Amino acid sequence: MNVYGMARAFHELYGGTVKAYADIQLAPTRYTNILNLTLHPGFSEDPVFIEKMREIAKVYQNHDEPVILIGCGDGYAELISKHKDELSKTFVCPYVDYDLLKSLNNKESFYKVADEHNLPHPLTKIITKDMYEDKQDMDVPFDFPVALKPANSVEWLDIHFEGRKKAFTIHSQDEYMSIVGKIYDNGYKSDLILQDFIPGDDSNMRVLNAYVDQEHHVKMMCLGHPILEDPTPQSIGNYVAIIPEFNQDVYDRVQKFLEDIEFTGYANFDMKYDARDKTFKFFEINLRQGRSSFFVTLNGYNLAKYVVEDYVEGSLENEPTVYANKNKAQHKLWLGVPVKVFKKYAAKNDATEYADELIKQDRVGTTVFYDKDKSFRRWLLLTYMFHNYVKRFDEYFQENKGRDFK
C-alpha cells in the first residue's frame, strides 16, 4: 500500500512510471501502469539488498537527472540509512545517518530521546530476554489492561507464531506471562515494551506525517485523526479510516522535536490522546511515510512534491512551513476498507459523524483505486481485496478491539 501510495503521488504530479524493487509482490502493486516492479528474493535484507543496489547503481551512475531513493518500509529505510554513504554517490537518499536512525527506530531508545526533548509518551517498562529466562523483575507496574509490543520492529518482521500481533493488549498476569514466553521462545531476541494502556478506542489515536528538508527545517506537517483500525492480528495498528485534523499545539511540539534532533526526510508519528491528563502521548516515530500516508496527498499535500523541490529543484528552502488541514473546505476522508465496513465498525462520535458528512458529499478517497490507473484485472483484484475486509472484521473485531459494535 505504501509503495503504491508514493508511486501515485509522483504520478499525480509528474506523470510517468516509478521504478520499484522488492522481494515479494503484494496486491496493490499488481496490474498497475504507474509502477514498474522488479522482484529480487531476499532483497529486504543484507547482503542481497546492497549487492542488488550496487548493480542498480551502475544503471543510474550517469543519469542526467537526480535519482531519488525512497524506502517504503521500516526495513528498507534502515538499509538505505545503513549504506547511505555508498548509495549517496548515485542516489538522493533523504534519510538521517544510521546512528540517529537506530536510536529512533528502536522504541526503547526513542523514549529516551523523547524524554530528553520533552515529547510525552506512555509510562513504560522494558522487558528483556534475560529477565524472562531468569524469571526476575517480570512484575507489571501498571493496572491491567496493559500494552505490550516489540522494541525492534524490524526484527519482529521475522518472528512468527500462532497469535502473533503487531501489538498486544493484555488483560491478566497469566496472559502476560504466556505471551512473553511465546515471543522469546520463538526466536525474538530484542527487548519488549510494556506500557500503561491509555484508555479509549481507535478514535483517540492521531497520526502525523512530516517532511524535513536537508537543512533540518520542517517544511510540511499533516495531522490525521484515525477513526478505525484493522483488527486482524498481523495488522493491528494499521489505520483503515482517517480524517484530516488541524492542531497547532501538536504541530509546534513535533516541529521543535524534529528540528532539535536535526532530522531529515519523511517522519511518521503515532500518538494517542490521554483524557486523564489531557495530553497526546507519542508511541513511536517511523522514519518513512506510513502505509496509510496517502491521506496526506489526498488532502492536498502531495508527499512526492517536497522531496523533489528539496533535492531536485532546490526551491523548498525558501518556502514557509505548511501546517496542513486548516481549511476544512478541502478535507477528505481516506479509507482503506469499504464504506459499509467503516459504517458498521467505527465508534459513534463526533469524528465519525464528520466522516459520514464527507462520505455524503463524496469527499472520500482510497490509495489504490486511482482513475488514471484503471484496468479490469486491477479493479477485480482490488475489489476482492477490499471485500475481504468484511470477513476479517467479522472474525477479529470483537476479539481484538473489545467493543460491542452492533
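Tutor: A residue is called buried when its relative accessible area is under 20%. The model discussed here is predicted.

Student: Does that make Y132 buried or exposed, and at what relative accessibility?

Tutor: The cut-off for buried is under 20% relative accessible area. Y132 falls below that cut-off, so it counts as buried, with a relative accessibility of 12%.

Student: Is the pair of Y184 and Y188 stacked or tilted?

Tutor: Y184 is buried, with a relative accessible area of 3%, and Y188 is buried too. The ring centres of Y184 and Y188 are 5.9 Å apart, with 35 degrees between the planes. Stacked requires under 30 degrees and edge-to-face over 60, so the pair of Y184 and Y188 is tilted.

Student: Which residues do ring pairs link into a cluster with Y132, Y184 and Y188?

Tutor: The count of aromatic pairs comes to 27. Ring pairs link Y132, Y184 and Y188 into a cluster with W156, F161 and F168.

Student: What volume does the second largest pocket have, and which residues lie closest to its centre?

Tutor: The second largest pocket holds about 170 Å³ of space. Its lining has 13 residues, with two or more contributed by each of β5 (168–170), α9 (173–185) and α15 (376–401). By class, this lining divides into six nonpolar, two polar and five charged residues. Closest to the centre of the pocket are G163, K165, F168, I179 and E399.

Student: Which helix gives the largest share of the lining of the largest cavity?

Tutor: The largest cavity has a volume of about 40 Å³, and its lining includes M1, N2, R291 and T367. The classes in that lining are four nonpolar, six polar and one charged. The largest share, three residues, comes from helix α1 (residues 2–14).

Student: Over the ring of which residue does the charged end of K305 sit?

Tutor: A charge must be within 6 Å of the ring centre to sit over a ring. The charged end of K305 is 4.5 Å from the centre of the ring it sits over, that of Y306.

Note on methods. Residues numbered from 1 in each chain as written. Predicted model: local features only at pLDDT ≥ 70, side-chain atom pairs only at ≥ 80, totals over all residues. Heavy atoms only, no water. 1 Å grid on protein atoms, 1.4 Å probe; cavity = no way out; pocket = protein on both sides within 12 Å on 5 of 7 lines; lining within 4 Å. Points joined across faces, edges and corners; volume = space filled by probe spheres on them. Helix = DSSP H or I, 4+ residues; strand = E, 2+ residues; numbered from the N terminus. Nonpolar A, V, L, I, M, F, W, Y, C, P; charged D, E, K, R; others polar. Phe/Tyr/Trp six-rings, centres within 6.5 Å; stacked < 30°, edge-to-face > 60°. Buried < 20%, exposed > 50% of the residue type's maximum accessible area, 1.4 Å probe, protein only. Lys NZ or Arg CZ within 6 Å of the ring centre and 35° of its normal.
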